Amino acid sequence: MIGNVVARRYAQALFALGKQKGLEELERYGADLSAVAQAVTESPELLRVFKNPLFGVEDKKSVLVKLLDKAKVSPVASNFMKLLADKERLGLLPEIEAHYADLLDAEKGVIRGELLTAVKLDAAKQKEVKASLEKQAGKELILEFATDPEILGGVVLKVGDRVLDASIRAQLEMLKENIKRGE
């Protein structure tokens with residue numbers, strides 16, 4: 001919980017810096033954070049090194065500098081991540097990146113979500129569903145499509161922390177509960 005609050009504050013600080021320079025810089029910082037966070041996430045050993053207090057700040061910084069050079073990170077983002085190393089917060093990099101991405105999406109008016117269906121939708125149907133949902137939301141929607149045959153039919157839409165379950169499985173469960181209660 002505390003790490004989450006700290007990660008959010010660091011993300012907000014970098015976002016505030018980028019906001020002063022405009023949307024292009026905000027997106028650049030987001031891409032830089034994403035590249036480094038992805039490298040850290042894909043290498044659990046690296047994340048363990050960044051979280052381990054037995055490794056000194058200078059050791060972590062030397063590893064980070066190599067990672068930053070490889071990712072060709074902007075100077076501001078590079079300094080930001082070196083600050084994270086100085087403050088022993090490199091282990092929070094994936095969470096910081098996630099919070100930053102949320103802030104960037106909000107700034108751009110973008111909503112991210114996932115649509116779960118029982119069968120795979122073809123590209124034309126995906127586009128139609130996405131356009132319909134964007135019209136209802138009044139915002140751009142980045143939608144991931146997935147399948148789960150266990151929902152039997154219908155859809156489950158997850159946007160942020162909200163879930164709209166219009167699946168046949170959910171309707172059958174509600175019917176079952178109503179029958180149990182005698183309604």
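Select Lys60 and Glu88 to begin: their side chains meet in a salt bridge, with N to O at 2.9 Å. A salt bridge here is a side-chain nitrogen of Lys or Arg within 4 Å of a carboxyl oxygen of Asp or Glu. The pair links distant parts of the chain, 28 residues apart: Lys60 lies in helix H4 (residues 57-71), and Glu88 in the loop between helix H5 (75-86) and H6. Helices are DSSP runs (H or I, at least four residues), numbered from the N terminus.

This is a predicted model, in which local features need pLDDT of at least 70 and side-chain atom pairs count only at pLDDT 80 or more, while totals for chains, interfaces and linings use all residues. Residues are numbered from 1 along each chain as its sequence is written, and side-chain values use heavy atoms, leaving out hydrogens and water.

Now show the surface. Is Lys60 buried or exposed? Lys60 is buried, at 1% relative accessible area, whereas Glu88 is partly exposed at 39%. Buried means under 20% relative accessible area, exposed over 50%, and partly exposed in between (1.4 Å probe, protein chains only).

Next, select Arg28 and Asp32, which form a salt bridge with their closest N and O atoms 3.2 Å apart. Both are in helix H2 (residues 23-42); because they are 4 residues apart, about one helical turn separates them. Arg28 is partly exposed at 35%, but Asp32 is buried at 5%.

Last, select Glu107 and Lys19, another salt bridge, at 3.2 Å from N to O. Glu107 is in helix H6 (residues 93-108) and Lys19 in helix H1 (residues 2-21), 88 residues apart.

Technical notes
Helix = DSSP H or I, 4+ residues; strand = E, 2+ residues; numbered from the N terminus.
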